[in-house]
Each structure stands twice: as structure tokens, then as C-alpha cells.
Amino acid sequence: MIWTVYLSGEIHTDWREQIQAGAEAAGLPVEFTAPVTNHEASDAAGDVLGKPDVSFWRDHQSSKVNSIRTKTMLEQCDLAIIRFGDKYKQWNAAFDAGYCAAMGTPYVTLHNDDIIHPLKEVDAAAMAWAQTPEQVVEVLKYVTSAK
């Protein structure tokens with residue numbers, strides 16, 4: 001079985017690349033999907049429909065276009081890895097975690113221990129909490145093994 005793993009959340013560090021490289025080095029039967037990780041491209045996703053003058057409506061329009069990709073990929077994944085970074089509040093990641101929980105899709109959170117408290121409900125529904133991309137790779141090794 002090839003596992004589809006959706007990499008959700010923070011876009012300002014290379015955590016996705018670290019997980020992908022680790023999975024590849026271990027020869028894991030996984031394929032990865034992700035949201036658009038270019039901030040400007042994501043913000044402009046709805047501009048093809050006309051750029052509203054008010055920033056609220058531009059964000060609203062682009063978030064709906066982005067959600068086509070996000071919703072589809074979350075619904076099709078076997079497992080989601082949801083990263084909460086240090087620099088910004090990732091409300092989209094929290095939304096993805098809630099969506100996974102509602103659908104019954106297992107997810108692993110990835111974040112530092114200094115944000116355990118604000119993520120207590122998100123972590124409570126997660127199947128695991130990892131603090132490093134290497135730990136995520138170890139979880140992937142375990143769940144994808146045929147032992």
C-alpha cells in the first residue's frame with residue numbers, strides 16, 4: 001500500500017523537505033501532498049476571478065479557491081501531518097486538524113512544547129504529537145511497516 005500523507009501548516013521553514021527526505025532515505029511507501037506553500041501565490045489564488053478593492057474580500061475569495069485544493073487533499077489522504085510553527089498563528093492548520101478529526105482521518109501534530117497549552121484540544125484529537133521532523137519520519141516508518 002502507498003500511503004498518501006498531507007503536510008499541513010506552517011510554510012516558513014523546511015520541515016516538509018526534511019520529512020520528505022527522511023521518508024525517501026528510509027524507502028517508505030508514501031506520497032506527499034500539501035497546500036500551496038508560496039505565500040504570495042496563496043494570497044492571490046482568487047485574483048483570477050477579479051481582484052476586489054477591499055482586502056477582506058480578496059482574502060475571502062482566495063481562501064475559498066485555496067480550500068478546493070485543501071479540502072480535496074485532506075479528504076483523500078491516509079494521514080495528515082499538521083505543523084504549528086513559532087512565528088505565526090496557523091489558524092489554517094488548526095482548521096485542517098479539526099476537519100481531519102471530524103472526518104476520522106488520523107493526524108499527527110508537529111510543534112514545540114511551548115505551545116502545548118493553546119493546542120491542547122488539537123493535540124487531544126491527534127494520534128501523536130511530534131516535536132521534530134525526524135520523529136514524524138519514525139512514526140511513518142512504524143505505521144507503514146508490514147510487520
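Trainee: Which element gives the most residues to the lining of the largest pocket?
Mentor: This is a predicted model, where local features need pLDDT of at least 70, side-chain atom pairs need 80 or more, and totals for chains, interfaces and linings use all residues. Numbering runs from 1 along each chain as its sequence is written, and side-chain values use heavy atoms, leaving out hydrogens and water. β1 (3-9), α2 (39-43), α3 (55-76) and α4 (91-103) each give two or more lining residues (DSSP runs: helices H or I of at least four residues, strands E of at least two, numbered from the N terminus). The top contributor, with 9 residues, is α3.

Trainee: Which lining residues lie nearest the centre of the largest pocket?
Mentor: The lining splits into 9 nonpolar, 11 polar and 7 charged residues (Asp, Glu, Lys and Arg are charged; Ala, Val, Leu, Ile, Met, Phe, Trp, Tyr, Cys and Pro nonpolar; the others, Gly among them, polar). Out of 27 lining residues, the ones nearest the centre are S42, S63, N66, T70 and N92.

Trainee: Switching to helices, how are α1 and α6 oriented to each other?
Mentor: Helix α1 (residues 15-25) and helix α6 (residues 133-144) have axes 9 Å apart and pack at about 40°. Angles under 35 degrees would be roughly parallel, over 145 roughly antiparallel, and 65 to 115 roughly perpendicular, with the rest oblique. So α1 and α6 are oblique.

Trainee: And which residues of α6 make that contact?
Mentor: Contact means heavy atoms within 4.5 Å. The contact residues are 7 nonpolar, 2 polar and 1 charged. α1 brings W15, Q18, I19, G22 and A23, while α6 brings P133, E134, V136, V137 and L140.

Methods: On a 1 Å grid over the protein atoms alone, a cavity is a set of points where a 1.4 Å probe fits but cannot get out, and a pocket is an open set with protein on both sides within 12 Å along at least five of seven lines; lining residues have an atom within 4 Å of a point. Axes are lines fitted to C-alpha atoms, for helices over the stretch in contact, and angles run from 0 to 180 degrees between N-to-C directions.
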